[in-house]
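Please have the sequence and the model open side by side as you go.

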Amino acid sequence: MLDNLNWWEIGALLLLALLIFGDRLPAVITDGLRLVRNLRNMARNATGDLSRELGTDIQLEDLHPKAFIRKHLLSEEDEAAIRKPLQGVYDNLRADVSGVHDDLKDVANAADLRSDGARSGTATSNPTAPAPRVSYDDAT
């Protein structure tokens with residue numbers, strides 16, 4: 001939770017909390033921890049009640065509507081029937097994208113003037129081609 005904070009920022013937050021709450025800081029911390037504990041218990045009780053009502057084992061991640069429908073309302077055959085038309089479109093799109101990717105790689109390799117193979121290949125195939133420009137960075 002506090003992965004993106006360094007020690008100075010955490011210390012500044014603690015000092016700010018001490019200045020705002022003063023002597024009441026321990027009471028505020030215990031109230032906050034009690035609130036988190038009660039929220040966890042409420043979530044655990046809600047999932048337990050749902051599990052008992054539906055007769056299946058429900059995890060907290062299963063409460064997302066898409067996951068809930070996929071797991072409890074659709075059979076495997078229904079899910080396969082829903083996915084079948086889209087799977088062909090996905091496969092065609094993936095093949096097209098990989099073909100474009102390969103074409104772009106070929107063009108990038110052919111246009112690479114810094115490689116020795118491309119430089120010698122262009123010099124022999126097109127004798128009127130201008131020599132590559134030497135920049136200030138290449139000379140230094």
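The exercises below go from the whole chain to its helices and then to side-chain pairs.

This is a predicted model, in which local features need pLDDT of at least 70 and side-chain atom pairs count only at pLDDT 80 or more, while totals for chains, interfaces and linings use all residues. Residues are numbered from 1 along each chain as its sequence is written, and side-chain values use heavy atoms, with hydrogens and water left out.

**Exercise 1. The whole chain**

Describe the secondary structure and the surface of the chain.

Step 1. Take helices (H or I, at least four residues) and strands (E, at least two) as DSSP runs, numbered from the N terminus. The chain then has six helices and zero strands, and its pattern along the sequence reads α-α-α-α-α-α.

Step 2. Call a residue buried under 20% relative accessible area, exposed over 50%, and partly exposed in between (1.4 Å probe, protein chains only). Of the 140 residues, 4% count as buried.

Step 3. Compute accessible area by the Shrake-Rupley method with a 1.4 Å probe, where for residues only the protein chains shown count as cover. The chain exposes about 12,600 Å², and carbon and sulfur atoms supply 61% of that area.

**Exercise 2. Helix α1**

Check the span of α1 and work out what lies at its ends.

Step 1. The expected span of a helix is 1.5 Å times one less than its number of residues. The 15 residues of α1 should therefore span 21 Å, and the end C-alpha atoms are 21 Å apart, which agrees.

Step 2. Just after α1 comes Gly22, with a positive phi of about 60°.

Step 3. Now look at the surface: Leu13, Leu16 and Ile20 form a nonpolar patch with about 290 Å² of accessible area together. Patches here join residues with over 30% relative accessible area and no salt bridge: like charges within 9 Å, nonpolar side chains (Val, Leu, Ile, Met, Phe, Trp, Tyr) within 5 Å. Ile20 belongs to α1 (residues 7-21), and it counts as exposed because its relative accessibility is 53%.

**Exercise 3. Helix α2**

Which residues of α2 are buried, and what do they pack against?

Step 1. α2 (residues 25-54) has 30 residues and reaches 44 Å from its first C-alpha to its last, close to the 44 Å expected.

Step 2. The buried residues in α2 are Leu25, Thr47 and Ser51. The buried residues of α2 pack against α1, with contact meaning heavy atoms within 4.5 Å.

Step 3. Gly55 follows α2, and its phi is positive, near 80°.

**Exercise 4. Salt bridges**

How many salt bridges does the whole structure hold, and which residues form them?

Step 1. Search for a side-chain nitrogen of Lys or Arg within 4 Å of a carboxyl oxygen of Asp or Glu. The search finds two salt bridges.

Step 2. Arg34 pairs with Asp31, the closest N and O atoms being 3.0 Å apart. Both lie in α2, three residues apart, about one turn of the helix. Arg34 counts as partly exposed because its relative accessibility is 44%, and Asp31 is also partly exposed, at 42%.

Step 3. Arg52 and Asp49 form a salt bridge at 2.2 Å, N to O. Arg52 and Asp49 also lie in α2, three residues apart. Arg52 is exposed at 63% relative accessibility, whereas Asp49 is partly exposed at 40%.

Step 4. Finish with the geometry: an α-helix has 3.6 residues a turn, so residues three or four places apart point the same way.

Conventions. A polar contact is a pair of N or O atoms within 3.5 Å; within protein, one must be able to donate a hydrogen and the other to accept it, and residues adjacent in sequence count only if both atoms are side-chain atoms.
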